[in-house]
Amino acid sequence: MKSKRTPTNFEAFLPIIVMALMVLVGNIIMGIRLEFLLIIASIFSAIIAIRVGISWDEMMSAYTKKFSDAFPAILILIAIGGVVGTWMFSGTVPMMIYYGLKFLNPKFVVVTAFLVTALVSTFTGTSWGSAATSGVAFMGIAQSMGIPLPVVAGAIISGAFFGDKVSPVSDTTNLSAMSSEITVYEHIKGMLPNVIISGALSLIAFTIVGSYYFNGNSELTDTTLKIMSDLNSIYNFNIAMLIPPIIVFGGGYFGISPLLLMLGSSITAMLIGVFSNGFLFNDAANALISGFNISMAESVGINVADITPRLLGLLNRGGFASMMGGAVLFCFLAMPFGSFMEVSGALDKVVQQMSKAITGVFSLTTVTFLTGGVMNGITGNGQFSIMTTGQLFKESFRKQGVPLSVLSRTMENSMTLLESLLPWHVTAIYMSTTLGVFTTEYVKWSFFNIFGIFVFFIQTYMLSRKLNKSNTSSISEYETAANETI
């Protein structure tokens, strides 16, 4: 049996370099499918593991463990597919689209998508759930009005992570606070300057972008009027259609399991579709499993041939199967890369080398941010990156007299601001699948995430200057200095 050894620096960083190059050249420039590139990247990661003495069985064991750890999130992915399908069946999302088209000025669609999704995410604490509900509705509105979908997707993702970062019921918010040994409200207070500044800049940017794509005519086009007419003929819109999202949002606020809420919401939506719209129960089951299809409306006398083709793209979606063939498949293909990096010791080596760059407060927070981002990008598990980063750098923050609230916000920023921008990450895969826009298309429109990264580094630099000038080790005085700079 080959003896095990520690990877060299070159071996440790090579899989990361290969992954980055393949996404840049293979996917963005050449258009090669990301699924294939993930397989190639995993092969490179496996080769490094074999070179340092890791057996195939050990690699499979690491992959199995990672899949086991990620299984609850995968179940939620599948459940969200059911939510989308059944909410189309019940008329929940179509009603949002209908009244959005009726009352929303096209000039403000983009900025409203940002604001509404941010509000939903703040109350529910989930970026995924807000994108799958209000996000899907706004994508339908944008498609009906002819607004570029990547722009609206960027606004939705920006709003989703705005709320996720400041919501007291968000898992990442609570986990970051717990890992840093501070209260969740101390963590949120530390996050607010970045969130408020980035949010304000995003609000301005999305308002400008929305105005740019506005043709100056707020009158509804004939196509949009036909879509509204068709929606009104298919569904019997009523207040009961709001019950499914109330179940998800209300239950999320009280800490009920998201999986249970989504299943309960889906079943409720199935019943609403049957009793309110007159659809068949067999079709309700099909909407849950395979997704909604406009042909299901034939049971109430709708002639599908008379329905505008654009509406088919809005409504025919969702179901467990859509996630199994999309987001879940990506998870299967992305996990080996991180698993092999971990079991070979390459991930530990990368973190070790990055830690050598720490020389002061600014470098400490920068290395912490980059370490969390690298671990999150490699493993595809934000919770793991937060917990591990906290363990690695907590004592360093204490020794340098830096408030632990700075550690907590650094860890959360390294996760929430980056994960939706990395095409191979499970969050980016989910957003892309749910909104129907490739990650590489919406990245440049994710203003909140982009602004948030720049604001974080500016904020960190200003804080480091204050702390380096101080001659006292009092944590309370450091917190005062931090608040004064931001």
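This is a predicted model: local features need pLDDT of at least 70, side-chain atom pairs count only at pLDDT 80 or more; totals for chains, interfaces and linings use all residues.

Student: Okay, which residues touch the most other members in the largest nonpolar core?
Tutor: Val152, Leu231, Ile234, Tyr235, Phe292 and Leu315, out of 93 residues. Such a core is a set of buried Ala, Val, Leu, Ile, Met, Phe, Trp, Tyr and Cys residues joined through side-chain atoms within 4.5 Å; buried means under 20% relative accessible area, with a 1.4 Å probe and protein chains only.

Student: And which helix gives the most to this core?
Tutor: Helix 3 (residues 56-90), with twelve residues. Helices here are DSSP runs of H or I, at least four residues, numbered from the N terminus.

Student: What does Tyr235 contact, leaving aside neighbours within four places in sequence?
Tutor: Its partners include Met88, Phe89, Pro94, Phe292 and Leu315. Contact means heavy atoms within 4.5 Å.

Student: New topic: which residues of helix 4 are buried?
Tutor: Thr92, Val93, Pro94, Met95, Ile97, Tyr98, Gly100 and Leu101.

Student: Last one: at what angle do helix 9 and helix 20 pack?
Tutor: About 65°, with the axes of helix 9 (residues 184-212) and helix 20 (residues 404-416) 9 Å apart. Axes are lines fitted to C-alpha atoms over the stretch in contact, and angles run from 0 to 180 degrees between N-to-C directions.

Student: Who makes that contact?
Tutor: Glu186, His187, Gly190, Met191 and Asn194 of helix 9 meet Ser405, Ser408, Arg409, Glu412 and Asn413 of helix 20.

How values were computed: Residues are numbered from 1 along each chain as its sequence is written. Side-chain values use heavy atoms; hydrogens and water are left out. Helices (H or I, at least four residues) and strands (E, at least two) are DSSP runs, numbered from the N terminus. Buried means under 20% relative accessible area, exposed over 50%, partly exposed in between (1.4 Å probe, protein chains only).
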